[in-house]
Amino acid sequence: MKPVKVGICGLGTVGSGTFNVLKRNAEEIARRAGRGIEVAQIAQRRPNPQCDTGSTPTTADVLAVADNPEIDVVVELIGGYTLARELVLRAIANGKHVVTANKALIAVHGNEIFARAREQGVIVAFEASVAGGIPVIKALREGLAANRINWVAGIINGTGNFILSEMREKGRTFPDVLAEAQALGYAEADPTFDVEGIDAAHKLTILASIAFGIPLQFDKAYTEGITRLTTADVGYAEALGYRIKHLGVARSTDQGIELRVHPTLIPADRLIANVNGVMNAVMVNGDAVGSTLFYGAGAGQEPTASAVVADLVDVVRAMTSDPENRVPHLAFQPDALSDHPVLPIEACESAYYLRIQAKDHPGVLAQVASILSARGINIESIMQKEAEEHDGLVPMILLTHRVTERHMVEAISALEALDDVVGDVVRIRVEHLN
Ligand code: HSE
């Protein structure tokens with residue numbers, strides 16, 4: 001059988017990794033796919049010295065790949081929303097299948113892209129868009145298809161996890177670690193996407209849609225970054241038996257779907273709390289299977305190429321099948337997607353870590369406890385440190401039981417209004433993941 005012809009658009013870190021893996025493992029891949037996979041064209045702005053593309057035809061114009069009648073599958077690895085969207089829609093309009101690693105594109109424009117793909121009867125595969133080399137989309141969409149998914153929680157940004165791990169283990173500063181992540185090629189072109197949780201929210205949006213069968217709704221995801229975390233809170237969390245991770249949480253409740261990315265205390269004895277460095281991990285809790293954990297490299301040249309090439313193998317296996325009988329893009333049949341709403345953050349529920357800087361007077365603790373109890377907030381534990389030498393203030397650290405965010409916001413305003421409380425109350429959400 002003739003090989004399937006692929007056009008790779010973008011020959012950066014992932015593009016060159018994809019080319020190299022396809023070449024190195026060509027025989028093994030053909031045995032799996034049932035046909036060879038040949039890179040018939042590459043679009044690149046400039047040559048990549050790390051990738052010997054030999055006699056493969058190249059072009060500087062990505063849209064030429066989408067228009068090339070020889071190409072069966074377009075692999076979009078250029079990133080961003082604008083040109084990538086144009087390229088993918090053009091490829092689909094020309095009847096080509098698409099493989100992409102672009103989480104931003106899928107999270108923001110996925111509904112439109114999948115609708116066009118259905119009209120044309122083509123596949124859009126996007127395993128590499130979430131958690132790099134970890135086949136978590138495949139697992140959620142196919143391996144866990146029997147389940148009602150209760151929640152998904154993941155460390156899905158390697159750069160952020162690397163920063164938090166280095167801060168905790170080595171006491172390194174935030175900018176120092178970020179610079180290293182950039183040099184290692186993990187960080188986004190705009191690293192605020194990593195540290196402000198936008199990249200993780202793109203990925204969480206995709207996971208939530210596949211887990212709960214809802215349209216992609218990135219604009220409703222709540223994001224809070226890690227830039228304001230202090231080593232003091234990292235240390236207090238540790239003393240209480242927790243680790244702080246930048247966690248994406250998608251939870252199905254009767255009222256709606258929680259979709260949120262924020263720093264989170266996780267009990268230190270959970271496996272996911274011990275995922276360090278640039279590694280990613282995703283927990284999925286289903287009603288039949290219970291909790292599962294998927295771990296691996298969430299970025300990097302060949303780990304991400306592993307997912308891109310696996311998608312290519314899937315496309316080759318399915319391209320001759322009846323489009324109606326393929327695995328749906330978002331796991332659920334398109335006419336069976338649910339309109340269960342995504343909840344605003346005020347309606348989400350979690351436990352909390354609070355750090356209050358208080359004057360060292362009798363009765364302060366009683367006032368704090370009274371404000372919390374008036375709003376039905378149950379205190380789980382309290383730790384009070386000695387007064388700080390420089391200002392005489394007492395750090396008071398509380399862990400609460402689960403409460404709706406709205407009630408916690410009210411309580412924090414009341415706490416900050418107390419004469420004996422100085423400055424802002426630090427609030428970090430807590431998830432026990434059990
Ligand atoms: N910037 C991302 C990360 C790359 O650090 O995880 C992979 O999506």
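Colleague: What's the strand order in the open sheet of six strands?
Modeller: The order is β3-β2-β1-β4-β5-β6, with parallel pairing (two strands pair if DSSP finds at least two bridges between them). This is a predicted model, so local features need pLDDT of at least 70 and side-chain atom pairs count only at pLDDT 80 or more, while totals for chains, interfaces and linings use all residues. Residues are numbered from 1 along each chain as its sequence is written, and side-chain values use heavy atoms, with hydrogens and water left out.

Colleague: Which strands are at the edges?
Modeller: β3 (58–59) and β6 (124–125), each of which pairs on one side only. Element names follow DSSP runs, numbered from the N terminus: helices are H or I with at least four residues, strands are E with at least two.

Colleague: How many bridges link β1 and β2?
Modeller: Six, in the parallel sense, between β1 (residues 4–9) and β2 (residues 37–43). For a landmark, G7 has Q41 in β2 as its bridge partner.

Colleague: Which strands does α4 lie across?
Modeller: Helix α4 (residues 82–93) lies across β1, β4 (73–76), β5 (97–100) and β6. The helix runs at about 170 degrees to β4. Axes are lines fitted to C-alpha atoms, for helices over the stretch in contact (heavy atoms within 4.5 Å), and angles run from 0 to 180 degrees between N-to-C directions.

Colleague: Switching to helix packing: at what angle do α2 and α12 pack?
Modeller: Helix α2 (residues 26–33) packs on helix α12 (residues 301–318) at about 40 degrees, and their axes are 9 Å apart.

Colleague: Which residues meet there?
Modeller: From α2 you get I29, R32 and A33; from α12, V309, V313, V316 and R317. By class, that contact has five nonpolar, no polar and two charged residues. Ala, Val, Leu, Ile, Met, Phe, Trp, Tyr, Cys and Pro count as nonpolar, Asp, Glu, Lys and Arg as charged, and the others, Gly among them, as polar.

Colleague: What lines the largest pocket?
Modeller: The lining has 38 residues, with G79, K103, A187, E188 and A189 nearest the centre. Elements giving two or more residues include α1 (13–24) and α5 (103–120). The lining divides into 14 nonpolar, 17 polar and seven charged residues.

Colleague: And how much space is in the second largest pocket?
Modeller: About 590 Å³. Of its 28 lining residues, P323, R326, V327, P328 and H329 are closest to the centre. That lining is 16 nonpolar, four polar and eight charged.

Colleague: How many cavities of 30 Å³ or more turn up?
Modeller: One, in a search of the whole structure. The largest cavity holds about 60 Å³, and its lining is L164, S165, R168, V234, R243, I244, K245 and N276.

Colleague: Last one: in which sense does β13 run to β17?
Modeller: Antiparallel, with five bridges from β13 (residues 349–358) to β17. L354 has R427 as its bridge partner in β17. Strand β10 (residues 257–267) runs parallel to β17 (residues 426–430), joined by two bridges.

Notes: 1 Å grid on protein atoms, 1.4 Å probe; cavity = no way out; pocket = protein on both sides within 12 Å on 5 of 7 lines; lining within 4 Å. Points joined across faces, edges and corners; volume = space filled by probe spheres on them.
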